[in-house]
Amino acid sequence: MAALINVPAKARRGDVIEIRALTSHIMETGFRHTADGKLVPRDIITSFACRYNGAEIFRADLFPAIAANPYLSFFTVAKESGKFEFEWTGDNGYSSTASASITVE
Amino acid sequence: MPTTRRQFLHLAGGVTAAGTLPIVSLRPLQATPAMLTTAIRNVVGEAQIRTGRVKLDIPPLVENGNTVPMTVSVTSPMTAAEHVKSIHVFNEKNPQPNIGNFYLTPSSGRAQVSTRIRLADTQKVVAIARLSDDTFWQIAAEIVVTLAACTEEMN
Amino acid sequence: MSIWRAIAAATLFAAAPALLAGEIPPDARRSGYSFMGPETRAMQDNDTSNPGMLFVLDGEALWGKKGGSADKSCADCHGDARSSMKGVAARYPAFDKALGRPVTLDQRINLCRANHQQAAALPYESRDLLALSAFVAHQSRGLPITAGSDPQAKPFVEQGRGLFMQREGQLNLACTNCHDDNFDKRLAGAPITQAQPTGYPLYRLEWQTLGSLERRLRSCMSGVRAQAYEYGSPELVALELYLMSRAHGLPMETPAVRP
């Protein structure tokens, strides 16, 4: 399953940059029923974290009210060249990761 | 010549209430305002919540309640001494009251978060920011959600 | 009626001989994109915020994956999709000489699987089929739709046109009643579009996933309380072919985002 990450490839030191992360997940609420009345069990991403050269810069707790294929956009100050790491965790042991690099001048 | 709604409905041969099929016909569980208050108190405790500083952007016309773009921003210099620690978003009438908690740092640079949410019905959405001095600021918005025509029945 | 009005009507008719009553003239055809709000347009416009692109990425991975008893991938025959698949989806549904009828892009993918990969067919609306079809159609993004131009496809275009004009269901509505005669008006709060299938498979906010034109047609049919045709049925293929020929010249948008 794919994830789409948007981090500028290059930035100037001190720039405030936008980071966007979109990942594939059904985000099944746990409140829906099938046609024959059975409850569809909850299956959502519950947590997202972003680390910049190892330090956590953003974290989110997600609930069933977040739409399928969760999209998050947030900001950070470009401090040094390096790597952004993204991690999604959720129900039924769900875990996925992605990364992107940046050059800061 | 513009056709009036009445003329069009007549022309459409009776697509009135029957033309509106919610994807899930019944939502027996709804967050009541009491649940909303409890969810908020779970985050802020007994602290006073002031109105202001927080901005909530949701399109005035929600095209589909299943995927609603939302942006929360907070006025803050985002310095070590004065920044936004977290943003918490709640709703009034979904089956449960929490939407998301977002944790920022002084190095966020800008206190702004966007995501896409689900709104089961026309309802109030509340965004609350916790600042580095542990004060809480909020904004509430009433969001109108209409049901789309000719939606699928759940299968 | 005055004779002058009769003459004016006759002139109008003569000026547009190919158009049936109610059909939208070519220069007035508009993608569903133009009926959307700015937020939904923004979601489609940026590839890193368009959730349909998640499926295109999955499709790209599947394109290179070997499978079936032939142990072949799509790429083993077709090479780089960026060149080999450019413009292909804009021609679909396309007439298949061996079968003597038009086939959809989904059906073409499954014919390839059966004949060249010796692999089982992917079910309609399955994630893999949608992903492959989105990846292939994405290679035509920005190119004009040409489906239905093949003379051999003409009888099937006419069959599709007939179905589009035919009233059906408990509400006794034809596609044309909404999408030719009443586009730009609203139905239960939502704008009525021209039903131009420019971006399939597309990401519907309502579905919260990618879906095919056939899925969309089937939900329209249940909307008018008609029995929906089965996936892959000759009727749905003919309707799809007619709709694509009706959108002739409009640019492909796959993966589009719609409410």
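Okay, let me start with one residue in chain C. Setting aside neighbours within four places in sequence, Leu241(C) touches Pro93(C), Pro102(C), Ala147(C), Gly148(C), Ala153(C), Phe156(C), Val157(C) and Gly160(C). Keep in mind that this is a predicted model.

As background, nonpolar side chains tend to be buried together in soluble globular proteins.

Now, the interfaces, starting with A and B. Here 23 residues of chain A meet 29 residues of chain B. On the chain A side, β5 (55-62) and β6 (71-77) each put in at least two residues, and β6(A) gives the largest share, with 7 residues. What's the make-up of that side of chain A? We get 18 nonpolar, 2 polar and 3 charged.

β5(A) runs antiparallel to β5 of chain B, residues 98-103, with 4 bridges.

Over to A and C. How many residues does each chain bring to this contact? Chain A brings 11 and chain C brings 9. From chain A, β1 (3-6) and β3 (16-23) supply at least two residues each. The chain A side that touches chain C splits into 7 nonpolar, 3 polar and 1 charged.

Notes. Residues are numbered from 1 along each chain as its sequence is written. Chains are lettered from A and ligands numbered from 1 in the order in which they are written. This is a predicted model: local features need pLDDT of at least 70, side-chain atom pairs count only at pLDDT 80 or more; totals for chains, interfaces and linings use all residues. Two residues are in contact if their C-beta atoms, placed from the backbone, lie within 7 Å. Ala, Val, Leu, Ile, Met, Phe, Trp, Tyr, Cys and Pro count as nonpolar, Asp, Glu, Lys and Arg as charged, and the others, Gly among them, as polar. Two strands pair if DSSP finds at least two bridges between them.
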